[in-house]
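Morning, everyone. One structure today, and I'll keep it short. Have a look at it first.

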Amino acid sequence: MPIFNVVVVEHATKKDKEENDTLERIIDGPRCLVARDAQAAAISAALDLKSEGLDRSRIEVLVQSF
């Protein structure tokens, strides 16, 4: 199975952008995962998130293969 480098990013809300000049923050990673394909690696990384109060509609999972 291939190895993937995965980073989970949370994008800022419009309010955060205006008040704090914040664009995004890294929630998890970078870390390596072994998965069938890039989509499986992204799903695994998203399901592993344990942050309470996290708005999952604002996250993006970035996947890079080795």
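Start with the sheet: three strands, open, ordered S2-S1-S3, with antiparallel pairing. The edges are strand S2 (24-34) and strand S3 (59-65), and each pairs on one side only. From one strand to the next, the twist averages 20 degrees. Strands here are DSSP runs of E, at least two residues, and helices are runs of H or I, at least four, numbered from the N terminus. Two strands pair if DSSP finds at least two bridges between them. Axes are lines fitted to C-alpha atoms, for helices over the stretch in contact, and angles run from 0 to 180 degrees between N-to-C directions.

A word on provenance. This is a predicted model: local features need pLDDT of at least 70, side-chain atom pairs count only at pLDDT 80 or more, and totals for chains, interfaces and linings use all residues. Numbering runs from 1 along each chain as its sequence is written, and side-chain values use heavy atoms, leaving out hydrogens and water.

Now S1, residues 3-11. S1 pairs with S2 in the antiparallel sense over eight bridges. Val-6 stands opposite Arg-31 in S2.

What lies across the strands? Helix H2, residues 38-47, lies across S1, S2 and S3, and runs at about 135 degrees to S3. Contact means heavy atoms within 4.5 Å.

Overall, the pattern along the sequence is β-α-β-α-β. Of contacts with a separation of 6 or more, 62% join residues 24 or more positions apart. Buried residues, under 20% relative accessible area with a 1.4 Å probe, protein chains only, make up 26% of the 66 residues.

Technical notes. Buried means under 20% relative accessible area, exposed over 50%, partly exposed in between (1.4 Å probe, protein chains only).
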